[in-house]
Amino acid sequence: MSSGYHLAELNIARMLAPLDDAVMADFTNNLDQINRLGDESPGFVWRFQSEAGNATNFRPFPDDMIIVNLSVWESIDALFQYVYYSEHADYFRRRKEWFHKLDLSGVVMWWIRQGHLPTLEEAKERYDHLAQHGPTPHAFTFKQRYSIEDLLKTTP
């Protein structure tokens, strides 16, 4: 039975070097594969992308070294399985080769109505909310999850 909601997530990463630098080559050379893994994963709904098939040329944050990935999933569990238990996990474990450790969470999640496609502006607002207020039903993380029921309790 459908809840009428999907999970949106924004992942941000601060690169060690520009995308065309040799330091980033193994990441950029595998980006299509990483995205294909997500696109073909159970529970995947949608991914923000340019005509090139990824979102690496979008910079919604003031720091030009921050790249983003914005996607929609059927559930937290579907996203969790992709991130930590698919072939994606092999790349995730290597993130220190390409990205700085962030002071804040690199991921923010929130519930959206099915059919809604979040914008980068909406995603940045959720990330900023998480940074300012910590996890809430409006913006949360894997470590501090909120359910659709939690969201509905806070929505007038």
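Predicted model: local features only at pLDDT ≥ 70, side-chain atom pairs only at ≥ 80, totals over all residues.
## Starting from F27

Skip the neighbours within four places in sequence, and F27 is in contact with L19, I34, I67, W98 and F99.

Where else does F27 turn up? F27 is among the residues with the most contacts inside the largest nonpolar core, along with L79, F99 and W111.

Which element gives the largest share? That would be helix 2, with 5 residues.

There's another core too, lying apart from the largest one. This other core has 19 residues, and A8, V68, L70 and Y127 are among them.

## A salt bridge across the sequence

Now for the charged side chains. Opposite charges on side chains can pair up when the charged atoms come close. Searching the whole structure turns up 8 salt bridges.

Take D63 and R14, whose side chains meet in one of these, at 2.6 Å from N to O. What does this pair tie together? D63 sits in the loop between strand 2 (44-47) and strand 3, while R14 belongs to strand 1, so the bridge connects parts 49 residues apart in sequence.

D63 has 25% relative accessibility, so it counts as partly exposed. R14 has 28%, so R14 counts as partly exposed as well.

Next up is D26, which meets R94 in a salt bridge of 2.3 Å, N to O. This pair links distant parts of the chain: D26 is in helix 1, and R94 is in the loop between helix 3 (88-93) and strand 4 (99-100), 68 residues apart.

R94 has another partner: a salt bridge joins R94 to E97, with the closest N and O atoms 2.9 Å apart.

How accessible are the members? D26 is partly exposed at 33% relative accessibility, R94 is partly exposed at 25%, and E97 is partly exposed at 39%.

How values were computed. Residues numbered from 1 in each chain as written. Heavy atoms only, no water. Core = buried A, V, L, I, M, F, W, Y, C linked by side-chain atoms within 4.5 Å. Buried < 20%, exposed > 50% of the residue type's maximum accessible area, 1.4 Å probe, protein only. Helix = DSSP H or I, 4+ residues; strand = E, 2+ residues; numbered from the N terminus. Contact = heavy atoms within 4.5 Å. Salt bridge = Lys/Arg side-chain N within 4 Å of Asp/Glu carboxyl O.
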